[in-house]
Amino acid sequence: MNEVASIWTTKEIITAVIATGIVSAVASWVVDLIKSWYGRKKAAQYGAMRSAVALERYAVSCWHIFIMGEGEFERHRDVTSVRLPPAPDLPADVDWKAIDASLADDILSFSNSSNVSEALAEFSEVWEQNPFDFHDAAKERGLEALKLAGRIRKHYRMKSHNDFDRLWKDFRK
């Protein structure tokens, strides 16, 4: 009787099983790595978009205070005391670790700078009888908000909106 020779030896079968397991594990790890990177990138874009919109909304509020103060001064040669708008509400659902660290720092610190401007304007009004500092602070903070929103949009390649051309013009005069 002729014996049929085995195509695979036990050693070769074990080697093939181990190699298949290693390849499968590496492939799974690479897929998970890509999914994680892509998810983090999307989380950063989402957080950046939400932050830019909040800063632009704040800039519009500052612009409103600024132009109303200009109009009031032109008409009455006086300006009433106002307050800066509340610092922008930053979205709570943002993964701040996903956003570029420098931008995240500037975004998260923006409200502190706005609070300092508010305090200085209030000091000027109370102790120096100068109500104009609120309007100057609104101009300064609004411009800073637009600049930061622009940096965020540029960094994450988001479209800038032309709706803010008037704000840029008024804040820069």
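Guide: Start with a definition: a residue is buried under 20% relative accessible area, exposed over 50%, and partly exposed in between (1.4 Å probe, protein chains only). This is a predicted model; local features need pLDDT of at least 70 and side-chain atom pairs pLDDT 80 or more, while totals for chains, interfaces and linings use all residues. Residues are numbered from 1 along each chain as its sequence is written, and side-chain values use heavy atoms, without hydrogens and water.

Visitor: Is E140 buried, exposed or partly exposed, and what is its relative accessible area?

Guide: E140 has a relative accessible area of 43%, so it is partly exposed. The residue lies in helix α3. Helices here are DSSP runs (H or I, at least four residues), numbered from the N terminus. E140 also shows how sequence and space can part ways: C62 is 78 residues away in sequence, yet the two C-alpha atoms are 8.6 Å apart.

Visitor: Which residues of helix α4 are buried?

Guide: Helix α4 spans residues 165-172, and its buried residues are L167, D170 and F171. They cover an arc of only 95° around the axis, so they sit on the same side of α4. The arc is taken from the directions that run from the helix axis to the C-beta atoms.

Visitor: Which residues are exposed on the other side of α4?

Guide: K169 and R172 are exposed there.

Visitor: How many aromatic pairs are there?

Guide: First the general idea. A ring pair is described by the distance of the centres and the angle of the planes. The rule takes Phe, Tyr and Trp (its six-membered ring) with centres within 6.5 Å; planes under 30 degrees apart are stacked, over 60 edge-to-face, the rest tilted. That gives 2 aromatic pairs. In one, the ring centres of Y58 and F110 are 5.4 Å apart and the planes stand at 85°, so this pair is edge-to-face. Y58 belongs to helix α1 (residues 10-76) and F110 to helix α2 (residues 101-128), so the pair ties together parts 52 residues apart in sequence. Both Y58 and F110 are buried.

Visitor: How far apart are the ring centres of F66 and F171?

Guide: Their centres are 6.1 Å apart, with planes at 50°, so the pair is tilted. F66 lies in helix α1 and F171 in helix α4, so parts 105 residues apart in sequence are tied together. F66 counts as buried at 6% relative accessibility. F171 counts as buried at 2%.

Visitor: What lies over the face of F110?

Guide: R141 does, at 4.4 Å from the ring centre. The test asks for NZ of Lys or CZ of Arg within 6 Å of the ring centre and within 35 degrees of the ring normal. R141 is itself buried, at 6% relative accessible area.

Visitor: How many salt bridges does a search of the whole structure find?

Guide: Side chains of opposite charge can pair when their charged atoms come close. The cut-off is a side-chain nitrogen of Lys or Arg within 4 Å of a carboxyl oxygen of Asp or Glu. The search finds 6. One of them joins R141 and E140, at 3.9 Å from N to O. Another joins E144 and K147, at 3.8 Å. E144 and K147 both lie in helix α3, 3 residues apart, about one turn. E144 is partly exposed at 33%, and K147 is partly exposed at 37%.

Visitor: Which residue forms a salt bridge with D170?

Guide: R166 does, with the closest N and O atoms 2.8 Å apart. Both lie in helix α4, 4 residues apart. An α-helix has 3.6 residues a turn, so residues three or four places apart point the same way. D170 is buried at 2%, whereas R166 is partly exposed at 49%.

Visitor: Which residues touch the most other members of the largest nonpolar core?

Guide: A nonpolar core is a set of buried Ala, Val, Leu, Ile, Met, Phe, Trp, Tyr and Cys residues joined through side-chain atoms within 4.5 Å. The largest has 33 residues, and L55, I99, L148, I152, Y156, L167 and F171 touch the most other members. Helices α1, α2, α3 (132-155) and α4 each supply at least two residues. The most come from α1, with 10.

Visitor: What does L55 touch?

Guide: Leaving out residues up to four places away in sequence, L55 touches P88, F110, A145, L148, A149 and I152. Contact means heavy atoms within 4.5 Å.

Visitor: Where is the place of E56?

Guide: E56 is in helix α1. It is buried, at 7%. Beyond its neighbours within four places in sequence, E56 is in contact with L146, A149, R153 and F164.
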